[in-house]
Amino acid sequence: MASHRKSRPSGTRAAGIRTPALATAALTSVALLSQTAEATPSTDGKPSLEEVEKKVDALYRQAESATEKYNAAKERTDRQRKQVDTLLDDVARRTDRLNTAREELGSFAAAQYRTGAAAPDTATFLLADSPQDYFDQTQLMSRLTSRQKGAVDDYVTQQSATMKKRQEAARSLEALTETQDDLNTAKTTVQAKLASARELLSRLTAAEKARLAALEKRQQEEAARKAAELARQQTAAAGQATSATSTPSSSSAAPGSGSAYATKAAKAIAFARAQIGKPYVWGATGPGSYDCSGLSQAAWKAAGVSLPRTTYDQVNAGTTVPLADAQPGDLVFFYDDVSHVGIYVGNGMMIHAPKPGAYVREESIYYGGESIIHSVVRPA
């Protein structure tokens, strides 16, 4: 059902969007780990801690990508199901009208049988009690014939229209079945990736889990350092922009900037912040749990802005701005396949639903390294 599918964003970047250095960097954030002792291959045949971490991250990434495909398929399924329901209701109404037309034809046939199907003739005139009786019978047959023709025409029209609607409903049902197949495939993929990740993690000893936590902590510290650096750059840029406002040659403000956007963004951020601590659940849109695009959609809905369901569509639902110009409320997208999104809150930080097994949290936009940042979009 390729004609029903929305094309996915390619790896090409538009102006102002950062290009990743390596394709593999989009799958894992282990660049910082390559210099650690844990990366040393194991002598007992078991994968190193770095290898396990890399595989788990890749599986979570693949699960999240499959989640967005699931979200897209579910959206199509819901839309097509509504269309099918509407068509079936229409078919039912047209079938009722067809049955009514058929009954009317039946009544005319019965009338013809009772009165004699032949047209009035001389014999009828001779059998009539009076010329007036003959005249009345002739008028009756004339009216029956005219009305019968109209009934036949109406029946044929209703039959043709009903048949067309039934065919349209059948095609829509077929499309719905195909979309449901896509939905089930994406669901199976998500579940398989998560099961594989859990199985890998279950093999770790307590000591290995402790070392893995230490590695993740170092990653977070490096991400926080980069976030602080971005915050300093943005503060400096804001100061320069303020001093340049009186200069006639200064450039105009970026689209969506200003107090109106700041007000909406504040509402979106307040909503997102209130969701911190709620679990990531793939396909969830709240209120008890979210996936990444479900959270961004719900947050901006609280600000009065309607966003599409999936990251694939959200990335096109606004104005792309350079990372250095990101403002609170902007959406930060990640990876070549645009399968993750967070809500920028300033100072290099964002609120997002990270991955399966995690909770909505505030985190550096560099949580997986700078290279995985795809783009920044201002949605309003």
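Helices (H or I, at least four residues) and strands (E, at least two) are taken as DSSP runs and numbered from the N terminus. The structure is a predicted model, in which local features need pLDDT of at least 70 and side-chain atom pairs count only at pLDDT 80 or more, while totals for chains, interfaces and linings use all residues. Residues are numbered from 1 along each chain as its sequence is written, and side-chain values use heavy atoms, with hydrogens and water left out.

By these assignments the chain contains seven helices and six strands. Their order from the N terminus is α-α-α-α-α-α-α-β-β-β-β-β-β. The chain has 380 residues, of which 39% are buried; buried denotes under 20% relative accessible area, exposed over 50%, and partly exposed the range in between (1.4 Å probe, protein chains only). The accessible surface amounts to about 20,200 Å², and carbon and sulfur atoms contribute 54% of this area. Among contacts (heavy atoms within 4.5 Å) with a separation of 6 or more, 72% join residues 24 or more positions apart.

Helix 1 spans residues 49-115 and includes Val56. Val56 counts as buried because its relative accessibility is 5%. Apart from neighbours within four places in sequence, Val56 contacts Ala197, Leu200 and Leu201. The C-alpha atom of Val56 also lies 8.2 Å from that of Arg198, a residue 142 positions away along the chain.

Salt bridges were defined by a side-chain nitrogen of Lys or Arg within 4 Å of a carboxyl oxygen of Asp or Glu. Side chains of opposite charge can pair when their charged atoms come close. In the whole structure, 15 salt bridges are found. One of them joins Arg81 to Asp78, with 3.6 Å between the closest N and O atoms. Both residues belong to helix 1 and are three residues apart, about one turn of the helix. Arg81 is partly exposed at 34% relative accessible area, and Asp78 is partly exposed at 32%.

Asp90 takes part in a salt bridge with Arg94, at an N to O distance of 3.3 Å. Asp90 and Arg94 are both in helix 1, four residues apart, about one turn of the helix. With a relative accessible area of 14%, Asp90 is buried. A salt bridge also forms between Asp90 and Lys165, the closest N and O atoms being 3.6 Å apart. This pair connects distant parts of the chain, since Asp90 is in helix 1 and Lys165 in helix 3 (residues 131-202), 75 residues apart. A network of salt bridges links Asp90, Arg93, Arg94, Lys165 and Glu168.

Strand pairing was assigned where DSSP finds at least two bridges between two strands. Strand 3 (residues 340-346) pairs with strand 4 (residues 349-352) in the antiparallel sense, over three bridges. The two strands form a hairpin with two residues between them, and Asn347 in the turn has a positive phi of about 60°. Within this pairing, Met350 of strand 4 stands opposite Tyr344. Strand 4 is also joined by four bridges to strand 5 (residues 361-364), and these two strands run antiparallel. On the strand 5 side, Glu363 is the bridge partner of Met350.

How values were computed. Accessible areas come from the Shrake-Rupley method with a 1.4 Å probe; for residues, only the protein chains shown count as cover.
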